[in-house]
Amino acid sequence: MKIKITKNGSTLNFIDPTTEKKFNYVEFADNLYNGEQIEIVNYGNISDDERKTIDQTVKDLNALAMPKKRKAIIAQLEVEQ
């Protein structure tokens with residue numbers, strides 16, 4: 001799943017580059033659950049610190065796209081409850 005980032009003032013917007021529509025959380029969750037990885041195709045005009053934070057978040061979310069990782073997290077949550 002490809003995403004581009006635009007910045008308006010201090011607000012970061014995540015845009016689907018093919019449709020130019022803003023980020024849809026439901027579609028995103030479905031795609032991630034189905035194993036699709038996130039790829040930032042354009043970072044726009046953001047700071048190095050913002051880019052580092054986004055890169056780490058994308059790395060963590062892409063890990064969740066792997067069924068084995070999701071199952072481990074779900075198992076851990078069930079034990080904690």
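Contact here means heavy atoms within 4.5 Å, and, leaving aside neighbours within four places in sequence, Met 1 is in contact with Phe 28, Asn 31, Leu 32, Glu 36, Gln 37, Ile 38 and Glu 39. This is a predicted model, in which local features need pLDDT of at least 70 and side-chain atom pairs count only at pLDDT 80 or more, while totals for chains, interfaces and linings use all residues. Residues are numbered from 1 along each chain as its sequence is written, and side-chain values use heavy atoms, with hydrogens and water left out.

**Helix 2**
- Ile 54, Val 58, Asn 62 and Ala 63 of helix 2 are buried, that is, under 20% relative accessible area, with exposed over 50% and partly exposed in between (1.4 Å probe, protein chains only).
- The cover over these buried residues includes strand 1, strand 2 (11-15), strand 3 (39-42) and helix 3 (67-80).

**Aromatic rings**
- Three aromatic pairs are present, a pair being rings of Phe, Tyr and Trp (its six-membered ring) with centres within 6.5 Å, and planes under 30 degrees apart counting as stacked, over 60 as edge-to-face and the rest as tilted.
- The Phe 23 and Phe 28 pair is tilted, because the ring centres are 4.9 Å apart and the planes stand at 50°.
- Phe 23 is partly exposed, at a relative accessible area of 26%, whereas Phe 28 is buried, at 12%.

Methods. Helices (H or I, at least four residues) and strands (E, at least two) are DSSP runs, numbered from the N terminus.
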